Amino acid sequence: FREWVKIAVDAGATDIHIQVVDGGNGLVTMRVDGDLEPVMQERKGLFTSHDVRNAMIAAFENMADLHSNNAGTFSDAKSMSCMIDERLGIPNIRLRFSSQRGFYGPKSVSRILHSEIGAKPMAFEKMGLAPSQIEMLERAQRIESGAIIQSGVTGSGKTTASKTLIETHPKNGTAAMYAVADPIEYLLKNVHQIYVQRDLLTLETAGQKDPYSEVIESLMRMDPDLVDVGEVRDQISARAMANVAKSGHVSLATLHTDSIGGIINWLTDPKLGLTRQELTSSKVLGFNSYQALLPQLCECAMPQGAIEDYLKGLLDKQKDNENIGIRMFVANPGTSQIGRA
């Protein structure tokens with residue numbers, strides 16, 4: 001398991017997939033630039049089902065952070081989850097491990113998280129955001145109360161963007177900032193982070209509050225300026241996001257949606273339980289954003305000016321040849337680079 005993770009990290013992968021497939025085989029792939037490819041090209045990622053299952057067991061039972069796994073032993077028949085950090089033995093790398101049962105056997109997916117302490121957050125410019133978009137995010141950082149919601153599909157970089165928004169906040173270091181997470185994926189500078197395992201909530205126990213709600217309520221007595229409530233995925237977290245905002249503080253949350261318009265629809269869905277009247281009050285919605293990842297140009301891309309110079313030189317050399325014809329297509333006017341087809 002450790003060897004496969006090292007290969008994936010060196011390849012710049014975001015996730016590593018380990019699964020049992022048909023015929024008693026195991027398949028190990030990694031997501032690089034949005035596509036899945038074999039973790040070992042010469043083997044096409046193929047191993048025995050025994051190999052991949054033992055790797056999943058080792059990851060969950062032997063490498064999991066203390067109290068982060070949702071069960072004591074790995075099971076093929078249940079959904080398993082944990083965080084893997086120091087026991088992985090790879091500097092500055094953490095994993096968010098999840099597994100699911102399947103017809104042929106279990107499959108696990110581990111999100112690769114870079115957690116170098118003291119490392120600078122990824123700048124908004126490096127994310128590829130336009131100046132007008134960066135200006136809106138910087139305006140959102142200046143609001144005094146309300147909810148800042150960063151939405152997108154799974155794997156669209158919401159958590160990375162949230163880290164940048166918090167660590168580049170003009171009041172980072174001079175304001176009381178808290179984060180409640182399940183799990184803690186990134187260590188945030190100048191933020192008091194609290195881990196709550198929301199998968200083990202005792203919602204059905206009469207007279208007993210769930211741990212997540214208890215933490216949120218206690219934070220209201222901790223003189224907060226900003227509270228990152230984590231992913232909004234149920235009525236408890238949706239209510240926490242709204243209550244923090246209505247209390248005159250800034251609440252930061254992520255949300256799984258497929259469009260900017262889907263934010264309100266999902267928040268008012270019965271599963272989350274907020275009302276449109278509540279959301280349209282002056283103190284709740286401070287800033288809504290939707291983000292999606294787009295493929296980057298390949299490394300062979302040339303600056304547009306260099307391409308123009310090349311074409312001009314080619315035309316000069318062939319100026320006596322009347323049969324030459326050159327076409328140039330630019331997908332988006334104003335783009336600085338053109339990839340080689």
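The following dialogue examines a predicted model of a protein chain.

Trainee: How many helices and strands are there in the protein chain?

Mentor: The model before us is predicted. The chain has 341 residues, of which 40% count as buried. Its secondary structure consists of nine helices and 15 strands.

Trainee: What share of the contacts in the protein chain with a separation of 6 or more comes from residues 24 or more positions apart?

Mentor: A contact here requires heavy atoms within 4.5 Å. Among the contacts with a separation of 6 or more, those between residues 24 or more positions apart account for 53%.

Trainee: Is Glu167 buried or exposed?

Mentor: Glu167 belongs to helix α4, which spans residues 158-167. A residue counts as buried when its relative accessible area is under 20%. The value for Glu167 is 8%, so Glu167 is buried.

Trainee: Which backbone nitrogen does the side chain of Glu167 reach?

Mentor: Leaving aside neighbours within four places in sequence, Glu167 is in contact with Ala119, Pro121, Asn172, Leu187, Leu188 and Lys189. Glu167 and Lys189 are 22 residues apart along the chain, yet their C-alpha atoms are separated by 6.1 Å. At 2.7 Å, the side chain of Glu167 reaches the backbone nitrogen of Lys189.

Trainee: How many residues of α4 are buried, and what covers them?

Mentor: Helix α4 is mostly covered, with eight of its ten residues buried. Among them are Lys158, Leu165, Ile166 and Glu167. The cover of these buried residues includes α3 (131-141), β8, β9, β11 and β12.

Trainee: Why is β12 described as largely enclosed by the rest of the structure?

Mentor: The strand β12 covers residues 250-256. The description follows from the burial of its residues, because the number buried in this seven-residue strand is six.

Trainee: Which strand pairs with β12 over seven bridges?

Mentor: Two strands that run parallel to β12 can be considered. Strand β11 (residues 226-231) is joined to β12 by five bridges, and in this pairing Gly230 stands opposite Ala253. In the other pairing, Ala147 stands opposite Ser251 of β12. The strand with seven parallel bridges to β12 is β8, residues 146-152.

Trainee: Where is Ile260, and what is the area of the nonpolar surface patch to which it belongs?

Mentor: Ile260 lies in the loop between β12 and α7 (262-267). Ile260 counts as partly exposed because its relative accessible area is 47%. Together with Val153 and Tyr290, Ile260 makes a nonpolar surface patch of about 240 Å².

Trainee: What is the phi of Asp33, and is this residue buried or exposed?

Mentor: Most residues other than glycine have a negative phi. Asp33 is not a glycine, yet its phi is positive, at about 55°. Asp33 is placed in the loop between β2 (25-32) and β3 (35-38). Its relative accessibility is 73%, and since exposed means over 50%, Asp33 is exposed.

Trainee: In which loop is Asn190 found, and what is its phi?

Mentor: Asn190 is found in the loop between β9 (177-181) and β10 (192-195). Its relative accessibility is 44%, so Asn190 counts as partly exposed. Asn190 is a residue other than glycine with a positive phi, near 60°.

Trainee: What is the accessible surface of the protein chain, and what share of it belongs to carbon and sulfur atoms?

Mentor: The accessible surface of the chain comes to about 19,400 Å². The share of this surface that belongs to carbon and sulfur atoms is 50%.

Definitions and conventions. Residues are numbered from 1 along each chain as its sequence is written. This is a predicted model: local features need pLDDT of at least 70, side-chain atom pairs count only at pLDDT 80 or more; totals for chains, interfaces and linings use all residues. Side-chain values use heavy atoms; hydrogens and water are left out. Helices (H or I, at least four residues) and strands (E, at least two) are DSSP runs, numbered from the N terminus. Buried means under 20% relative accessible area, exposed over 50%, partly exposed in between (1.4 Å probe, protein chains only). A polar contact is a pair of N or O atoms within 3.5 Å; within protein, one must be able to donate a hydrogen and the other to accept it, and residues adjacent in sequence count only if both atoms are side-chain atoms. Accessible areas come from the Shrake-Rupley method with a 1.4 Å probe; for residues, only the protein chains shown count as cover. Patches are made of residues with over 30% relative accessible area and no salt bridge: like charges are joined within 9 Å, nonpolar side chains (Val, Leu, Ile, Met, Phe, Trp, Tyr) within 5 Å. A salt bridge is a side-chain nitrogen of Lys or Arg within 4 Å of a carboxyl oxygen of Asp or Glu. Two strands pair if DSSP finds at least two bridges between them.
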